[in-house]
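This report looks at charged side-chain pairs and at one helix residue. The sequence and structure are shown first, and the description follows.

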Amino acid sequence: MNRVMATLRLMRAGWVLAREGVIAGLPAQGLAGPAATAHGIARALARRRSEKLDSAERMSRAIARLGPSYAKLGQFLATRPDVIGLDLALDLAHLQDRMDSFPMEVSIRRIEDSLGKPVSELYVELGEPVAAASIAQVHPAKVRKDDGTIRDVAVKVIRPGVRQRFARDLDTFFLFAELQEKHMPASRRLRPVAIAETLAQSTKIEMDLRLEAAALSELHENTEDDPGFRVPKVDWQRTGRDVLTLDWVDGIKMSDIDKLREAGHDLNRLADTVVQSFLRHAMRDGFFHADMHPGNLFVDPKGDIVAVDLGIAGRIGLKERRFLAEILYGFIKRDFRRVAQVHFEAGYVPSHQDVEAFAQAIRAIGEPIHGQPAETISMANLLTLLFEVTDIFEMQTRPELLLLQKTMVVVEGNARALNPHFNMWKASEPVVGDWIARNLGPGAILSDAKTGIESLRRLARSLPELADRTERLSLEVEEMATSGMKLAPTTVEAIGKAEARESRSGRVALWIIALAALWIAWHVS
């Protein structure tokens, strides 16, 4: 029954996306057969008024009809330009996740249930919500500090019923991923089902506000001494699964350029700071805010950038950081063969590919940027072209690198909005150059040697256990080869029941899909 309901919800989602012109707005080049037919039908079903809207507005209308689960799906897909294309990813990244607020009494009940105390004991004052999104809404509040003074805070409260709604809609997302993987062989490299599993995991994390608080706390500690950038401090005494309390931010949204200019802020300095801060977090810490659109960034009266809403965070290991640093350094030095070798050494491109042919493809990307003014060269676009070329050479999807790439595109866009003549290379050189000196020089070799010795020491300790496991496995394989594989009677019975159930549910699903299609056709006509 769950699969049948998921099928019906998937059909409804397709209908809404078609009616709001989202599908018609997608490029049709290269489509053939059923895909081209479906695109033509979607174009015919689109509302006339949708033709006057841009792609982001069409998507906003569709998501408003489909509900909060699809708003979160859109935000998640914005982190996967390899799946949906860079243009659509940027449209989704700038979607305003705005929903109707829920009643004050519901927020009070959820706060008290989560923290186990009356609101009057927790807060001196709790105001009406000032912002509401797909998963939670935010209230201004005041708390009394230990010294008796009053401090302003923001209180984020989970939306009622959101977990149940997401669990239901995730069945629909998994069904679509399974159908895509089964009927679109070209998409299998992107692993749609694995992407759906990642979405399921990320939403579970995001709906436990203690985990977002932990991410905020980690980023706060990492950036305490960073120039021009900070993160609000978490109030752990007033934070639980459904409630997150943190310092209130007084400032101007980075998206409001005119107000920033009127307030006397140095826009050029802000552009440098937002890019340098992102690169510092990614390269130095391996942990970065992965949703740095202008709505999540404020500029306080001192001119510091304050980042909020850490529902999406990214991590990259030392291997990936060195990989990216060597790529950037190779492009700067026009050492395209080294850039190609780095891909092979990291294991990102299969060893059966030709490194010389790959280096030639890299040269096709790198040569055109030399001789251009530095302010016209986009590091984000460079990485985008690089990932497009790697597709030709069977490079497997690397979600952590794609999330970094997408965030870099957004951050660079923020900087260019503040300063149209922004020089990405000049701004990033102090951070990237310092990281390369620290991590690719003699000191890094000594550090690697120390790490290698430690790994060998741990391996030596585990050798007796590994030998014992190998001996047991050898005996089990020998017995299986002699006697064959044996299944318990209960296992055989369970397999038979599962096969029968799958057959029945498949027939029921086909009948319901057919009836639903007839109903839609009747009402359209």
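## Helices and a salt bridge within one of them

Helices here are DSSP runs of H or I with at least four residues, numbered from the N terminus. The model is a predicted one, and in it helix α19 spans residues 424-439, where D434 and R438 are separated by about one helical turn because they lie four residues apart. D434 and R438 form a salt bridge in which the closest N and O atoms are 3.0 Å apart. D434 counts as partly exposed at 38% relative accessibility, whereas R438, at 60%, counts as exposed.

## Other salt bridges

A search of the whole structure finds 21 salt bridges. In one of them the side chains of R110 and D242 meet at 3.6 Å, N to O, and this pair links distant parts of the chain, with R110 in helix α7 (residues 104-115) and D242, 132 residues apart from it, in the loop between β5 (229-230) and β6 (243-247). Both R110 and D242 are buried.

The side chains of D285 and R284 also meet in a salt bridge, at 2.8 Å from N to O; D285 is partly exposed at 23% relative accessibility, and R284 is partly exposed with a relative accessible area of 35%.

## The surroundings of A200

A200 belongs to helix α10, which covers residues 192-206, and is buried, with a relative accessible area of 10%. When its neighbours within four places in sequence are left aside, A200 is in contact with L170 and F174. The C-alpha atoms of A200 and A167 are separated by 8.3 Å, although these residues are 33 residues apart along the chain.

Definitions and conventions
Residues numbered from 1 in each chain as written. Predicted model: local features only at pLDDT ≥ 70, side-chain atom pairs only at ≥ 80, totals over all residues. Heavy atoms only, no water. Helix = DSSP H or I, 4+ residues; strand = E, 2+ residues; numbered from the N terminus. Buried < 20%, exposed > 50% of the residue type's maximum accessible area, 1.4 Å probe, protein only. Contact = heavy atoms within 4.5 Å. Salt bridge = Lys/Arg side-chain N within 4 Å of Asp/Glu carboxyl O.
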